Amino acid sequence: MTQAVSTLPHVAAPASRGLSRWEFWGRLFVVPYLLVFVVFVLYPVGYGLWLARHPASYSKLFDDPIFFRSAVNTIVFLVVAINLKMVAALVLSGFFIKTRWWIKALSVLFILPWAVPSIPTILSVRFMLNPEWGVINSVIFRLTGLDGPNWLNDPTLALSFSMLMHIWKSLPFWTLILVAGRLSIPSEQYEAASVDGASNWQKFRFITWPAMRTLYVTSTILSAIWTLGDFNSVYLLTGGGPADLTHVLATLGIRYLRLDQMDVAMASIVVALPLVLPLVYFMMKRLSK
């Protein structure tokens, strides 16, 4: 007992030390990122919530029939465009993993819509759909002698073209994600299935889909989050027209800004949070598994 007690004074507490050189420079390099985050993310979000704090802003928003039309358009856009895009990406990912040389060359052209900027590509499609001098109606007139329709003057057609633009622009990205998922599946599983006489559908059902299901669902949720904030496909193609009937929640705020109604514009963004937050929650829940 005496020997144990005598050894206690020799047990020294760990000495506190200052930051090492690497820790100092590491924290210093984080400071610019924090400043950018505070100035360009935290402050705008906080300022927008502060502008949308008055209940009267939401009363004006809910009294506007354009808001409910925009909410319905947003739901239709999410349900139709995202599912078509992800199903097409899943099918095309099986096509682009093949090793033929012409498929590899075609994949370079396939990725161009995603790689080029949105403004010139979407505006070029808008010019093509012009009823008077657009390329599409010009071809129709030369072939049939009849005038083509005013494509963007019909709300259903205009919203459909906006969804097609969104699918066309973002499809290459999600196809590449799913291609990477397919390439991570061991080829030995397909070889064993071929030996057992499995068909292509059986290989997909019992090998490909179980291995890619988590990636597919996660990509779909992330795509929905990004689509809620995508205003290019609608605003650049239709401008919300005709008669403000093709607005989605991402473009509705711009409409109110043009009407000099800043508080209502911010309120239109805040009311989209019930759609965004559940998606973010499920996204983080899946990533934490």
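Q: How many residues apart are Tyr 43 and Tyr 47, and in which helix?
A: They are 4 residues apart in helix H2, which covers residues 21-51. That separates them by about one helical turn. Keep in mind that this is a predicted model.

Q: How many aromatic pairs are there in the whole structure?
A: A search of the whole structure gives 20. One of them is Tyr 43 with Tyr 47, and that pair is stacked. Their centres are 6.0 Å apart, with 15° between the planes.

Q: Are those two buried or exposed?
A: Tyr 43 is exposed, at 54% relative accessible area. Tyr 47 is partly exposed, at 41%.

Q: What about Trp 209 and Tyr 216, which geometry do they have?
A: Edge-to-face. The centres are 5.4 Å apart and the planes make 65°. The angle counts as edge-to-face because it is over 60 degrees.

Q: And how accessible are Trp 209 and Tyr 216?
A: Trp 209 is partly exposed, with a relative accessible area of 25%. Tyr 216 is buried, at 13%.

Q: Which residues make up the aromatic cluster?
A: Phe 95, Phe 96, Trp 102 and Phe 110 form one cluster.

Q: Switching to packing. At what angle do H4 and H11 cross?
A: Roughly 145°. H4 is residues 65-96 and H11 is residues 200-228. Their axes come within 10 Å.

Q: Is that crossing left-handed or right-handed?
A: The crossing of H4 and H11 is right-handed.

Q: What is the contact made of, by class?
A: The contact of H4 with H11 has 12 nonpolar, 5 polar and 1 charged residues.

Q: Which residues meet there?
A: From H4, the list includes Phe 77, Leu 78, Ile 82, Lys 85 and Met 86. From H11, it includes Phe 204, Met 212, Ser 219 and Thr 220. Trp 209 and Tyr 216 are also among the H11 residues in this contact. That is the edge-to-face pair again.

Q: Where does Ser 93 lie, and is Ser 93 buried or exposed?
A: Ser 93 is in helix H4. Ser 93 is buried, with a relative accessible area of 0%.

Q: What is Ser 93 in contact with, leaving aside neighbours within four places in sequence?
A: Thr 175, Leu 178, Val 179 and Arg 182.

Q: Now backbone. Is the peptide bond from Gly 241 to Pro 242 cis or trans?
A: Cis, with omega near 0°. Pro 242 sits in the loop between helix H12 (232-235) and helix H13 (249-258). Most peptide bonds are trans.

Q: What is the phi of Ala 243?
A: Positive, about 55°, although Ala 243 is not a glycine. Most residues other than glycine have a negative phi. Ala 243 is in the loop between H12 and H13. At 64% relative accessibility, Ala 243 is exposed.

Q: And the phi of Asp 260?
A: Also positive, about 60°, and not a glycine. Asp 260 is in the loop between H13 and helix H14 (262-270). With 68% relative accessibility, Asp 260 counts as exposed.

Key
Residues numbered from 1 in each chain as written. Predicted model: local features only at pLDDT ≥ 70, side-chain atom pairs only at ≥ 80, totals over all residues. Heavy atoms only, no water. Phe/Tyr/Trp six-rings, centres within 6.5 Å; stacked < 30°, edge-to-face > 60°. Helix = DSSP H or I, 4+ residues; strand = E, 2+ residues; numbered from the N terminus. Buried < 20%, exposed > 50% of the residue type's maximum accessible area, 1.4 Å probe, protein only. Axes fitted to C-alpha atoms, helices over the stretch in contact; angles between N-to-C directions. Left-handed = near helix turned anticlockwise from the far one by under 90°. Contact = heavy atoms within 4.5 Å. Nonpolar A, V, L, I, M, F, W, Y, C, P; charged D, E, K, R; others polar.
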